[in-house]
Amino acid sequence: MDWLTVFQNSLTQMIGVSAIIYCLAALGLNIQFGYTGLLNFGQAGFAAIGAYAIAVTVATLGWPLWLALLFGILGAIIFALLLGIPTLRLRADYLAIVTIAAAEIIRQVARSVSLNDYLGGSDGISGKYAADWYALNPLPVGIDTALIRFSRNDLWVVINGWTLVAIIVLLTWLLVRSPWGRVLKSIREDEDAVRSLGKNVYLYKMQALTLGGVIGAFAGVIFAVAAQSVQPDNYSTTLTFFAYAVLILGGAARVFGPVVGSMIFWFLLVFVGQALNNAVKAGYISSSILRPDQVGQVQFMLVGLGLMALMIFRPQGIFGDKKELALDER
Amino acid sequence: MSDSPAAPSRTKASGVKAALASVSPVPGAPKPDAIFVGDSITRSFGGLAAVDVSHLEVQRGSITALIGPNGAGKTTFFNVITGFDPPNTGTWSFEGSSLAGTPAYKVAREGMIRTFQLTKVLNKLTVLENMRLGAQGQSGESLFRALIPAIWRKQEDEITERALGMLEQFNLFHVKDEFAGSLSGGQRKLLEMARAMMSNPSMLMLDEPMAGVNPALTQSLLEHIKELRETGITIFFVEHDMDMVRDISDWVIVMAQGSIIAEGPPADVMRNPAVIDAYLGAHHDVALTESGESLTDTSVSLTKSEES
Ligand SMILES: Nc1ncnc2c1ncn2[C@@H]1O[C@H](COP(=O)(O)OP(=O)(O)OP(=O)(O)O)[C@@H](O)[C@H]1O
Ligand SMILES: [Mg+2]
């Protein structure tokens with residue numbers, strides 16, 4: 001491995017499937033947390049619902065993909081209602097607690113032995129269940145240049161994935177500059193003020209939670225389709241917290257925040273990991289300091305440090321407005 | 001809700017004064033044309049009965065003040081009747097329809113719009129956006145219609161125009177594009193009041209509207225509130241500034257320890273021994289204000305003598 005490959009891999013991951021998945025998860029959180037101030041710590045649960053909805057219906061029941069997609073959306077809506085109905089009238093922290101627990105319940109149910117026949121237990125479900133969709137791929141070959149490199153299938157996923165991101169970004173942009181978006185931003189600031197002006201705060205919070213959850217489910221759909229498998233442990237709280245890192249890195253309540261945040265996050269993660277690997281292998285870093293099997297941990301430490309530095313020097317994120325943040329301190 | 005804004009001045013005011021002249025100045029007095037009627041409203045926190053109002057009516061089109069010493073329960077009463085705080089008991093109606101148990105946002109839609117003692121402006125929205133939020137019945141506030149600006153653009157423009165006019169009246173036009181969080185305390189009070197006006201209330205409920213507003217502006221706001229009455233709006237406000245109360249109110253209701261202890265025209269109420277007792281404690285030896293001397297004057301002279 002040489003430095004060019006490190007760079008190529010980093011750039012590829014920057015716009016690759018993982019970046020799309022975390023971008024989608026963060027786009028959902030942006031509506032919930034960024035604009036409305038709802039603390040949804042269960043985005044992994046929404047993603048799991050999207051992923052399993054596809055896997056179960058297509059792989060096991062043989063449904064067409066589009067129908068499976070609708071099923072996934074419906075599942076996310078029901079999940080959002082279940083979470084929101086009891087909690088959205090209460091203080092903000094109740095939603096946080098309930099969502100983090102509910103997402104774990106989903107994961108534990110998915111990996112439970114008793115449902116092994118339907119959900120595949122801890123191994124999940126794999127198989128060529130998006131074969132029809134991959135068959136639609138008009139591209140003759142993948143792409144292989146000095147900067148990026150995708151297989152034919154990956155390129156198809158990436159093109160469709162970023163198209164989906166673009167559509168959601170556009171919808172978000174339309175929504176947040178509308179009077180509806182104004183109500184959301186006001187709820188984030190002070191619910192009681194919004195109530196006193198005749199707006200049904202509960203309804204708006206429910207809409208934001210549901211919309212963000214459905215977008216989170218799309219993250220799972222892309223994950224499942226790209227990997228051609230679902231595994232319950234991919235939908236642990238780590239996914240949620242990475243998505244928050246992406247959102248805050250890009251700048252919460254900014255339409256493009258999740259997109260830029262996700263790209264930077266994945267570029268850095270892959271670059272740091274591969275550069276360390278390369279350096280260890282090439283002997284730049286002696287193995288008495290860092291063994292190859294420790295690179296994984298150090299990679300996350302360094303990225304974590306980088307995120308901390310960002311929060312110290314640019315707390316509003318890449319896109320955020322410092323003036324706006326300063327208002328909190330008054 | 002409002003009548004023609006070009007209504008000849010003072011007719012409404014004198015009409016209200018005439019109507020109230022026949023009302024006997026006793027706590028819970030029935031009014032000839034009540035817009036708000038409350039019965040046996042109680043709210044307690046632990047053992048403390050913060051509100052215990054057996055009967056209260058507010059005359060339509062009047063400027064009615066709710067006064068009382070700190071901790072009397074005025075804010076709690078406002079919270080209860082606007083649906084922000086659940087009462088222990090009580091029924092109340094506004095414009096004839098019962099509002100007990102109605103959620104706060106529906107109370108607001110019925111036309112009872114309130115402001116808060118601790119101002120609630122939306123810090124990270126601009127002043128103008130705060131104002132726009134106040135407008136009712138916005139089609140762009142529905143999730144699906146929001147996606148198509150063509151549906152709501154025209155209404156938004158009308159709202160903006162109205163908001164700008166209102167900001168002008170409240171001396172906030174020059175800060176219209178600032179974040180509301182960057183305003184001073186007094187400016188926030190003004191913004192909250194102006195925003196409430198954007199909702200076209202039939203009864204505007206203000207909790208200490210003048211606290212922190214500079215005297216020069218207070219004068220113009222008082223005039224503004226009087227003009228509001230001329231458009232038919234009922235104003236029900238809590239205030240500690242007795243000069244303001246005397247200047248603009250048609251009727252004053254006095255609350256102490258949760259209950260209504262006195263009611264009447266401002267001058268009478270301020271001479272009422274029970275009221276002075278409530279404010280200054282039972283064993284004061286200040287002469288009753290025969291010569292129209294108001295409570296504030298008395299308390300000001302009290303503080304002055306303490307300082308010297
Ligand atoms: N949330 C609460 N929990 C406990 N006690 C409360 C609460 N809200 C109000 N109280 C109590 O109820 C009483 C009435 O308070 P309230 O705020 O209504 O007074 P107020 O008449 O508005 O006074 P001020 O003129 O100082 O604003 C006070 O004794 C207060 O301590
Ligand atoms: Mg109060």
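**Close-up 1. Leu118(B) and the loop that holds it.** At 72% relative accessibility, Leu118(B) counts as exposed in this predicted model, where exposed means over 50% relative accessible area, buried under 20% and partly exposed in between, with a 1.4 Å probe and protein chains only. Leu118(B) is placed in the loop between S6 and H4 of chain B, helices (H or I, at least four residues) and strands (E, at least two) being DSSP runs numbered from the N terminus. Along the chain, Leu118(B) and Leu191(B) are 73 residues apart, and their C-alpha atoms are separated by 13 Å. Residues are numbered from 1 along each chain as its sequence is written, while chains are lettered from A and ligands numbered from 1 in the order in which they are written. Local features need pLDDT of at least 70 and side-chain atom pairs count only at pLDDT 80 or more, whereas totals for chains, interfaces and linings use all residues, and side-chain values use heavy atoms, with hydrogens and water left out.

**Close-up 2. The magnesium ion (ligand 2) and its donors in chain B.** Thr75(B), through OG1, and Gln117(B), through OE1, coordinate the magnesium ion at 1.9 to 2.1 Å; donors are N, O and S atoms within 2.8 Å of the metal (3.2 Å for Na, K and Ca), and water is not among the atoms, so sites may look incomplete. The pair links distant parts of the chain, 42 residues apart, with Thr75(B) in helix H2 (residues 74-81) and Gln117(B) in the loop between strand S6 (112-114) and helix H4 (127-134) of chain B. Thr75(B) is partly exposed, with a relative accessible area of 24%, and Gln117(B), at 34% relative accessibility, also counts as partly exposed.

**Close-up 3. Helices H4(A) and H11(A).** The axes of H4 (residues 65-87) and H11 (residues 201-227) of chain A come within 8 Å and cross at roughly 140°, axes being lines fitted to C-alpha atoms, for helices over the stretch in contact, with angles running from 0 to 180 degrees between N-to-C directions. That angle makes H4(A) oblique to H11(A), since angles under 35 degrees count as roughly parallel, over 145 as roughly antiparallel, 65 to 115 as roughly perpendicular and the rest as oblique. Residues including Gly72(A), Ala76(A) and Ala80(A) in H4(A) meet residues including Met206(A), Gly213(A) and Phe218(A) in H11(A), contact meaning heavy atoms within 4.5 Å. The residues of this contact divide into 15 nonpolar, four polar and no charged, where Ala, Val, Leu, Ile, Met, Phe, Trp, Tyr, Cys and Pro count as nonpolar, Asp, Glu, Lys and Arg as charged, and the others, Gly among them, as polar.

**Close-up 4. Helices H9(A) and H11(A).** Helix H9 (residues 179-189) of chain A and H11(A) have axes that come within 10 Å and cross at roughly 100°, which makes H9(A) roughly perpendicular to H11(A). Trp180(A), Val183(A), Leu184(A) and Ile187(A) of H9(A) make the contact with residues of H11(A), among them Tyr204(A), Lys205(A) and Leu211(A). By class, the contact has eight nonpolar, one polar and one charged residues.

**Close-up 5. Helices H13(A) and H14(A).** The axes of H13 (residues 257-281) and H14 (residues 295-313) of chain A come within 9 Å and cross at roughly 135°, and the two helices are therefore oblique to each other. The contact involves residues including Phe265(A), Gly273(A) and Asn277(A) of H13(A), and Gln299(A), Phe300(A) and Leu307(A) of H14(A); its residues divide into 13 nonpolar, three polar and no charged.
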